[in-house]
Amino acid sequence: MLRLTPWLIIALLVGPILAGLAMAALPAFGYLPALGGDAFSLEPWRALLAQPGLARSVAISFTSGLATTAVSLTVVLLFLAAASGSRLDRWIRRMVSPLLSIPHAAAAFGLAFLIAPSGLVARALSPAPSGWERPPDLLIVNDPWGLSLMAGLIIKEIPFLLLMSLAALHQLDAERRVAMARSLGYRPTIAWLKVVMPSLYPLIRLPVFAVIAYASSVVDVAMILGPTLPPTLAVSILTWFNAPDLSQRFMASAGALLQLGVTLAALASWWGLECLVRRLGRGWVAGGQRQRGERMLRLAGKALILLAALTALVGIAGLALNSLAGVWRFPDGLPQTVTLQHWQRALPSLGGPVAATLLIATVATLLAAGLVLAALEHEQRSGRQPAQGQLGFLEGRRSAALTLLYLPLIVPQIAFLFGLVVVMEALGTRPTRWLVIFGHLLFVLPYVFLSLSEAYRRFDPRWSRVALTLGATPDGAFWRVRLPMLLAPLLTAMAVGLAVSIGQYLPTLLLGAGRITTVTTEAVALASGGSRRLIGVWALVQASLPLLGFIIAVGLPRLLWTNRRGMRGTP
Amino acid sequence: MTAPSLELKQVHIALHGRTLLELDARVAPGEVLTVMGSSGSGKSTLLAYAAGFLAPAFQASGQVLLGGQEITALPAERRGIGLLFQDPLLFPHLSVASNLRFGLPRATPDKAAKVEAALADIGLAGFGQRDPATLSGGQQARVALMRLLLSAPRAVLLDEPFSKLDMALRHEMRQLVFERLRGAGLPSLLVTHDHADAEDAGGRMIAL
Amino acid sequence: MVISLPRSRHSLTTSLAMIALLGSATSLAGAPPGDWQAVVEEARGQSVYWHAWGGDSRTNRYLEWVAERMQAEHDVDVIHVKLGDTAEAVSRVLAEKQAGNDDDGSVDLVWINGENFAAMRANDLLFGPFAEQLPHFALTHPEHNPEVVTDFTLPTDGFESPWGKAQITFYYDGAEIDTPPMSIVELKAWAEANPGRFSYPRIPDFAGSTFLKQALIELSDADEALYAPVEESDFDAISAPLWDYLDALHPHLWRSGRQFPASGPDMLRLVGDAELSLAFTFNPAEPAAAVTDAELPPSTRSYVFEGGTLGNVHFVAIPYNSPHKAAAMLLADFLLTPEAQARKQDLAVWGDPTVLDVTRLDDEQAARFEGVEDNPTLLAPDALERTLPEPHPSWMEALQDAWQARYVGR
């Protein structure tokens with residue numbers, strides 16, 4: 001059984017994506033019999049290329065993918081270099097999980113209200129010192145260059161990359177390396193950048209690629225913060241897919257393939273940049289420079305991440321204010337009246353979606369955790385641990401498996417989900433909760449694997465050996481030793497899985513045929529109504545559910561191991 | 001149970017085609033065979049091979065026999081070979097008593113009494129409900145030894161079990177361990193780079 | 001998914017028989033009462049997945065009330081599937097047809113009109129005709145009120161049943177503006193005098209597109225052409241005054257016309273944030289409702305242009321592959337009852353105007369619709385008499401395409 005899990009996982013992940021892509025590719029070349037397209041042609045591509053502003057859409061999507069990743073990664077690396085051991089360091093580490101748990105849409109709503117001309121920042125500055133009696137007519141949110149979109153993505157991708165980096169740092173023995181470099185006269189920040197970062201980057205490369213793919217193809221954040229004339233490519237595709245003029249579906253399918261191309265191009269460009277930076281960096285690392293710039297780097301490392309974390313938190317606080325606001329005119333910094341009306345009205349309709357969200361997220365996460373544990377346990381028992389930093393787990397095909405597990409994170413959702421719906425329909429599968437759970441599993445599984453594999457592989461093999469030589473069976477050693485000792489990282493990985501599932505919008509909407517309502521689909525549906533009070537309510541609910549998972553992940557091990565000193569801190 | 005002997009017959013282990021070690025030895029019941037070697041000489045590989053943990057990357061030939069029975073192909077948990085590491089490796093999520101109980105074979109009658117007696121035997125009566133992390137290094141080492149003995153192994157492998165103890169404790173622990181192993185009539189294989197270990201073991205010595 | 005199969009198979013055959021029955025009855029004006037009784041019987045115990053825009057909490061609450069009543073009255077389970085955009089449901093039915101799912105679709109009823117209806121009709125995605133079989137449909141008196149059987153100039157042919165009415169309604173803060181613009185031409189002068197305080201939703205938003213049509217009707221002299229398919233006339237020549245107008249208007253709009261609000265409700269939020277001073281909506285009661293919810297100041301006032309504004313009727317339709325057609329029909333009929341229509345029109349509930357011909361209702365039923373509240377934010381009672389009919393749907397698409405070609409990606 002155990003031996004089959006890696007293959008099962010690959011089949012679960014790869015099958016649907018390939019099938020979905022195929023069903024996007026056929027209409028892209030004119031084949032969609034239900035709409036009278038029964039001959040192959042290039043007409044959809046002609047129509048696509050004739051779309052006004054297409055070049056700009058593509059450019060924004062491409063740039064957003066690269067710029068978001070570059071900025072987020074820089075902030076994370078500078079922070080790790082500058083702040084190790086400081087109080088800020090401990091605070092940020094504690095904030096990683098809560099920040100990660102804020103769904104993208106909620107964070108985007110929060111940021112929008114923070115930076116809009118009538119938003120919290122403008123209100124704080126008005127009427128004095130800005131002199132604004134009315135909101136200034138400034139194009140900030142939805143700016144045509146996609147800057148606010150990138151800002152929204154950056155505040156969400158920083159915690160993700162930070163979590164991945166912290167997990168990877170365990171195997172690098174960073175403190176000793178830095179101490180060694182400092183003894184050679186390097187300032188701490190410079191030392192970290194020169195002796196730890198070059199080893200860290202290869203370990204977080206795949207998460208970085210996932211960020212590029214996500215940022216170049218995201219839909220919900222781009223709908224809230226992105227440019228509008230034209231929107232990003234992914235948002236345009238969604239509009240075309242949903243257009244009442246059904247013939248636009250051919251063009252939308254061509255657009256889906258174009259999106260895949262744009263994302264791949266962004267990945268390829270990043271790879272090119274990597275090579276360039278590596279070449280330039282080599283000279284810098286060996287150049288002997290020990291001190292210069294340290295103060296600047298240190299300041300930037302602390303200030304930037306603080307700015308990002310506070311932006312996200314204040315944005316959420318703004319949403320909370322909105323959900324309680326009665327009359328709240330510009331330029332009042334706080335609502336004139338406070339009311340529970342929005343909550344009271346929403347409460348009766350909250351129960352169903354909250355229950356559905358939790359059910360789907362829990363089942364998807366349990367399935368994912370089971371599969372991931374089985375795969376990792378198989379890897380341990382077969383004794384074929386991948387080399388350090390490699391993330392694949394199929395014997396002999398490591399590099400192939402490595403790519404496949406992350407396929408759902410690299411292939412844009414919008415490129416294959418519509419095709420997948422058609423495939424499911426063709427198989428006669430009715431939209432049900434199970435189908436949605438399956439759809440969520442596609443994205444939950446890689447993230448759970450990403451979060452758990454490091455701790456699992458780092459786990460001292462002697463523990464299991466002791467258990468085995470004491471006569472325990474391999475299964476006994478797993479259940480009685482490895483699992484309880486890895487409970488904390490397992491729960492954290494499951495909390496990540498829950499958060500991923502709760503945030504899913506497109507898969508829920510498409511595979512559930514809109515019949516499965518979760519807090520996320522509900523919040524985005526309400527977003528089209530614009531009422532920020534109501535959005536505040538739903539976004540807060542949406543943000544609090546994953547937080548619940550993280551609280552359990554932190555609290556349960558503490559509760560269980562109150563009398564076990566050896567179980568505190570990561571094993 | 002009649003005490004068997006442990007035999008390593010024409011063992012040859014190689015990595016990437018390069019020979020790591022060759023050994024042919026027999027350990028009698030109650031005997032401690034010491035294998036000396038500096039770090040990197042393949043001592044740990046030898047133990048991994050005998051215990052059944054050798055990574056697939058190694059190419060090994062030869063046989064392991066226990067009481068004349070070939071166990072080379074058996075999985076680790078069915079070989080009946082106990083292992084003592086450098087660290088006591090008491091399971092941090094279990095109490096001291098549960099650690100000992102972990103060693104007891106499943107069908108053992110009256111486990112609680114056995115565990116209590118074992119604790120008294122090593123001078124730790126009443127320590128059962130303690131968190132192992134609150135025990136001193138010497139106490140932990142004794143619990144680890146007792147846990148091993150309770151699992152009723154038919155042979156024992158020792159992987160530098162004293163190297164992390166401080167000097168004063170080291171001699172005392174050696175005495176205790178070897179006395180118990182001999183008392184149980186177990187064939188034991190000790191790998192170490194510390195000559196004092198070998199001397200206290202008092203048995204034959206092979207250098208790798 | 002497996003468990004429900006046998007039951008749905010059974011109801012499927014019954015449904016097919018029903019459709020045949022209904023089809024034969026089409027020529028009669030209204031179905032024989034016995035047939036309707038069969039529909040009511042079959043509907044019992046069924047679930048209706050009603051796909052309807054879910055962006056307005058008042059509408060959603062009204063739909064919850066409908067669900068409760070349908071459950072109590074007919075043992076029909078109504079599930080509101082909340083859409084961000086009605087086109088999603090169209091897309092969904094299409095995907096099912098594409099996959100050959102012709103009798104077990106996931107959409108039972110859809111809130112629809114205009115181009116979505118035209119698209120579904122053109123692609124044979126709708127079940128019908130059924131509207132005339134609904135007992136309460138007669139209360140709309142289509143012979144006197146052609147708008148309930150006409151959707152953007154296209155005859156509905158009984159493939160959708162009227163539900164409510166919408167009309168472009170402008171609103172502003174009366175404490176800030178004394179004399180709002182009363183026509184498209186005046187609007188430009190107002191925008192020049194008050195730069196950055198007006199905008200319209202980004203095309204292809206429904207309300208935004210309707211604004212274009214409103215402007216085109218007022219600016220061109222080609223009324224007849226607008227009510228025929230666009231292919232039959234010279235689009236460039238007829239629309240030229242519109243583009244001149246917009247080119248001149250945009251620099252004076254919010255964000256200098258470089259960005260537009262996402263939708264009608266988004267405009268309302270911007271008015272609430274004091275970013276806009278003048279805006280419009282498709283739901284005449286929306287400003288009043290927003291005042292009640294403290295999103296707009298109490299000094300908000302509503303009005304329509306002197307020459308009238310565009311208005312239309314919105315409908316419900318049943319996809320061709322709905323497995324619960326009987327329950328969907330029963331629901332469509334319930335929506336036309338005086339009880340449901342009066343509640344919908346009630347400002348405290350939703351405020352969506354009725355499609356029933358109140359003047360021809362008997363006194364008892366007409367009484368339900370009386371008692372117009374004295375709310376200063378609401379339109380003057382006679383305002384909605386000046387309703388301009390919607391042009392042919394092909395104009396909407398042509399205008400959308402031309403607008404995007406002109407203003408997107410600049």
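Start by selecting chain A in this predicted model: its domain assignment gives domain 1, residues 1-30 plus 341-571, and domain 2, residues 46-339. Colour domain 1 and domain 2 of chain A separately, and you'll find their centres, taken over C-alpha atoms, 23 Å apart.

Now look at where these two parts of chain A meet. Domain 1 puts 44 residues into the contact, and domain 2 puts in 46.

Next stop: the chains. Two pairs of chains touch, and the pair A and C has the most contacts. Select that meeting place and you'll pick up 53 residues of chain C and 49 of chain A.

Stay on the chain C side for a moment. Strands S1 (47-53) and S2 (77-83) of chain C each bring at least two residues, and so do helices such as H5 (114-122) and H15 (393-407) of chain C. The top contributor is H4(C), with 10 residues; find it at 87-98. Colour by class again, and this side of chain C shows 20 nonpolar, 16 polar and 17 charged residues.

Last, show chains B and C together. How far apart are their closest C-alpha atoms? The answer is 44 Å, and no contact joins chain B and chain C.

Technical notes:
Residues are numbered from 1 along each chain as its sequence is written. Chains are lettered from A and ligands numbered from 1 in the order in which they are written. This is a predicted model: local features need pLDDT of at least 70, side-chain atom pairs count only at pLDDT 80 or more; totals for chains, interfaces and linings use all residues. Two residues are in contact if their C-beta atoms, placed from the backbone, lie within 7 Å. Helices (H or I, at least four residues) and strands (E, at least two) are DSSP runs, numbered from the N terminus. Ala, Val, Leu, Ile, Met, Phe, Trp, Tyr, Cys and Pro count as nonpolar, Asp, Glu, Lys and Arg as charged, and the others, Gly among them, as polar. Domain bounds come from an automatic or database domain assignment.
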